[in-house]
Structures are given as C-alpha cells and as structure tokens.
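Have a look at the sequence and the structure below, and then we can walk through them together.

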Amino acid sequence: MFGIDALELILLIVLGVLLFGPEKLPEFSRKAARVVVAVRDIANNAQTQLRQELGPEYADLEIKDLNPKAFIAKHMSAEVALLEETKRDLKGARDTVLDAQSTIKDAATLARSETKGIENSVKGKGATAVVAKPLPFDIEAT
C-alpha cells in the first residue's frame, strides 16, 4: 500500500493504541483518512489543471514527468536519438579521413623511396643527368 509490510502495520496499530487509547483511535484514523483523501484530491486537481493549461500535446502528462530528467527522456527522446545518430556519423567520417591520411602518408613515403632509388641509379652510371627534385608535399594540406 504505502510501502509498509504487515509487521510495520501491526507495530503502527499497537503504537496508535498506546499513544491515543482505544477510545480516540477510531476518531484519529478517520481524520487521517480524510487528510490522505484531501491531499490526493489536491494532487489530482493540480494534475488535471496542468494538463488543461498545457494543451492536448501534454494530455498524457504525469506528475512524475515534471522531473526534468523524466521530462527530457519522454519528450525529447527523438531529438536525443538524432543527436546520437549524428555523433555516430561524425565518428565514421573521422575514421574515413584518418584512413585516407594514413594511405596518403604511405604513398608519400613510397614515392620518396622510389625517387631516391632513381637518383642513386643515375649517379651510379656516372651520367650527368639533371634529376628534378620532388615537389614538396604537404600531407596535412590535402
């Protein structure tokens, strides 16, 4: 009922009988029941009035939804999912760019080694050939 098990309920009844006496206990229990009903009615009226003032978009609003975390989870879940999807797409694009950068570095290293091999073979033959230096290659600019 209120998160009270049987043992706790019996203990509360015994304490009530001891504190108030058997004559006044029914009167206090009726008053307590009226207070609980009145508080429940106030909460229900507040919830109904809040639903009416917010409009039909929030017809399924519960009091627990007024917690900011629960409200965001319920009404902003589509936007949060879109942001998560965008985040995954950006990570995939970053991985693609890093793979391309690695491939370009490997190609540049291979081109430099081939150019040095050609220069060494030309020098080894004793020919006086003009070997053009490779153009500067800026990996980060691509």
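A salt bridge here is a side-chain nitrogen of Lys or Arg within 4 Å of a carboxyl oxygen of Asp or Glu. Side chains of opposite charge can pair when their charged atoms come close. Before using that, please note that the model is predicted, so local features need pLDDT of at least 70, side-chain atom pairs count only at pLDDT 80 or more, and totals for chains, interfaces and linings use all residues. Residues are numbered from 1 along each chain as its sequence is written, and side-chain values use heavy atoms, with hydrogens and water left out.

**The chain**

Three helices and zero strands make up the secondary structure, in the order α-α-α along the sequence. Helices (H or I, at least four residues) and strands (E, at least two) are DSSP runs, numbered from the N terminus. Of the 142 residues, 6% are buried; that term means under 20% relative accessible area, while exposed means over 50% and partly exposed lies in between (1.4 Å probe, protein chains only).

**Salt bridges**

The structure has two salt bridges:

| Pair | N to O distance |
|---|---|
| Lysine 31 and glutamate 27 | 3.4 Å |
| Aspartate 95 and arginine 94 | 3.4 Å |

Lysine 31 and glutamate 27 are about one helical turn apart because they sit four residues from each other in helix H1. Lysine 31 is partly exposed at 42% relative accessibility, and glutamate 27 is partly exposed at 37%. Aspartate 95 is also partly exposed, with a relative accessible area of 37%.

**A nonpolar patch**

Ten names would be a lot to remember, but Ile4, Leu15, Val17 and Leu19 are among the residues of a nonpolar surface patch with about 900 Å² of accessible area together. Patch members have over 30% relative accessible area and no salt bridge, and nonpolar side chains (Val, Leu, Ile, Met, Phe, Trp, Tyr) are joined within 5 Å, like charges within 9 Å. Leucine 15 lies in helix H1, residues 6–54, and counts as partly exposed because its relative accessibility is 41%.

Methods
Areas by Shrake-Rupley, 256 points an atom, 1.4 Å probe, with all protein chains shown as cover.
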